[in-house]
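Visitor: I would like to learn how to read helix packing and a ligand site in a model. Where do we begin?

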Amino acid sequence: MHPAWIEIDIAQLKKNLALIKTAIGSKVRLCLPIKANAYGHGLVPVARAIANMVDYLAVAHVTEAVQLREAKIETPILVLGAIHDEQIGDLLSYNLDFTLSSAYKARLVANWCEKLRRVARVHLEVDTGMRRTGMRPETATSLYAELKKNRCFHVVGIYSHLATGSSPSDVIAHAQIDAFSAMLHDPVFVGENLIRHLANSTATQYLLTSYFDMVRPAMLCFGYRAPSSPDKFCGIKPCFSLKARVSYFKVIEAGEGISYGHTHTARERTRVVTVPVGYGDGYRRALSNRGEVLIGGKRYPIIGTVCMDQFMVDVGTDSVFVGDEVVLIGEQGPQSIGVNDIATLCETIPYEILCLFNERIPRKYLNEIPSTS
Ligand SMILES: *Cc1c(COP(=O)(O)O)cnc(C)c1O
């Protein structure tokens with residue numbers, strides 16, 4: 001057994017999804033983006049656990065979508081990223097919905113459709129302010145009029161992505177919603193059977209006018225609420241914990257330096273334990289001399305630099321033994337350390353902290369009800 005692991009509480013994840021479904025109402029569909037290994041939670045296991053609770057899964061790359069299809073996930077999957085010519089064959093043959101964001105790409109797709117005798121299920125991406133990928137609204141309007149006449153294409157949806165959304169009164173987000181709505185009022189789109197979607201996690205919490213026909217919240221589904229999230233989302237909690245077992249115990253003397261570079265020196269005789277997790281797992285080196293862990297329901301500081309595979313913790317005069325459970329992210333007794341706390345210490349966002357945990361740490365899925373199929 002590996003001495004460190006990530007626990008994913010599947011029951012909590014399902015509870016989060018159920019709460020979100022109630023909050024958005026039965027007329028709005030739910031798409032769960034599970035790109036980047038489902039934000040570190042594990043792509044295929046997460047998809048398997050929740051596939052029947054969502055209308056759509058979304059990923060960034062065709063490679064992620066193919067992994068899901070090979071794992072027998074039959075739910076509609078939308079590939080969000082801009083496509084490349086050599087990916088179109090897989091997008092068509094694995095029955096994936098994908099993003100169309102220019103007339104040039106539409107021509108590439110049409111060539112493949114003719115070659116493979118398949119219909120492309122596409123969502124037009126409109127740039128309303130993110131300036132990453134997507135067409136200007138007027139380009140999307142004229143391209144849709146063209147594609148309607150082309151039997152190669154089944155235009156399933158049309159979407160955009162928000163660049164901001166840190167508060168309910170966010171001016172930029174409101175301008176993007178307005179631009180998206182205005183475009184959809186063009187006669188070309190009125191009365192069309194398209195899934196219109198825009199909202200990410202913050203918009204799902206703050207901006208009811210961003211819902212349209214489907215929402216795409218990921219961080220919220222994984223349990224991370226925005227600071228002034230409405231009460232209807234209370235009950236949503238993280239389902240991700242990071243734990244390890246103490247691998248070594250020693251006593252160090254006053255004046256002795258610890259870890260690479262001796263960035264910490266003991267002021268007095270103290271007990272030090274080693275935790276077998278490091279930046280090689282995705283546990284950030286920025287936590288050197290700053291982070292904390294929980295052992296026996298108490299908080300203890302990381303001392304010295306975080307190494308590739310391990311780091312040291314000062315437990316003072318307390319009794320801690322090799323094999324004791326250490327919580328790096330999650331709860332233990334009355335204490336907790338959140339992904340947000342870690343992100344703040346590392347001067348980044350919780351998304352990055354979650355995504356950086358790689359495959360070296362095994363993931364354990366708790367409270368799974370085995371599927372009967
Ligand atoms: C990742 C992503 C989302 C989900 O964002 P959250 O902030 O985690 O809700 C939604 N839409 C698109 C296009 C994305 O790339």
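**Ligand site and helix packing**

Guide: This is a predicted model. Begin at the ligand: a polar side-chain atom of Arg216 lies 2.9 Å from one of the ligand's nitrogen atoms.

Visitor: How many residues surround the ligand?

Guide: There are 13, and the closest are Lys35, Tyr39, Ser201, Ala218 and Tyr351.

Visitor: Now the helices. At what angle do α1 and α3 pack?

Guide: Angles between 35 and 65 degrees count as oblique. Helix α1 (residues 10–24) meets helix α3 (residues 43–50) at about 55°, and their axes are 10 Å apart. The pair is therefore oblique, and the crossing of α1 with α3 is right-handed.

Visitor: Which residues of α1 and α3 meet?

Guide: From α1 come Ile10, Leu13, Lys14 and Leu17; from α3 come Val46, Ala49 and Ile50. Of the residues in this contact of α1 with α3, 6 are nonpolar, none is polar and 1 is charged.

Visitor: How do α3 and helix α4 pack?

Guide: Helix α4 covers residues 62–70; α3 and α4 pack at about 55°, with axes 10 Å apart. They are therefore oblique to each other, and their crossing is right-handed. Leu43, Val44 and Ala47 of α3 touch Glu64, Gln67 and Leu68 of α4. The residues of this contact of α3 with α4 comprise 4 nonpolar, 1 polar and 1 charged.

Definitions and conventions:
Residues are numbered from 1 along each chain as its sequence is written. This is a predicted model: local features need pLDDT of at least 70, side-chain atom pairs count only at pLDDT 80 or more; totals for chains, interfaces and linings use all residues. Side-chain values use heavy atoms; hydrogens and water are left out. Axes are lines fitted to C-alpha atoms, for helices over the stretch in contact, and angles run from 0 to 180 degrees between N-to-C directions. Helices (H or I, at least four residues) and strands (E, at least two) are DSSP runs, numbered from the N terminus. Angles under 35 degrees count as roughly parallel, over 145 as roughly antiparallel, 65 to 115 as roughly perpendicular and the rest as oblique. A crossing is left-handed if the near helix is turned anticlockwise from the far one by less than a right angle, and right-handed if clockwise. Contact means heavy atoms within 4.5 Å. Ala, Val, Leu, Ile, Met, Phe, Trp, Tyr, Cys and Pro count as nonpolar, Asp, Glu, Lys and Arg as charged, and the others, Gly among them, as polar. A residue is near a molecule or strand if one of its heavy atoms lies within 4 Å of it. A polar contact is a pair of N or O atoms within 3.5 Å; within protein, one must be able to donate a hydrogen and the other to accept it, and residues adjacent in sequence count only if both atoms are side-chain atoms.
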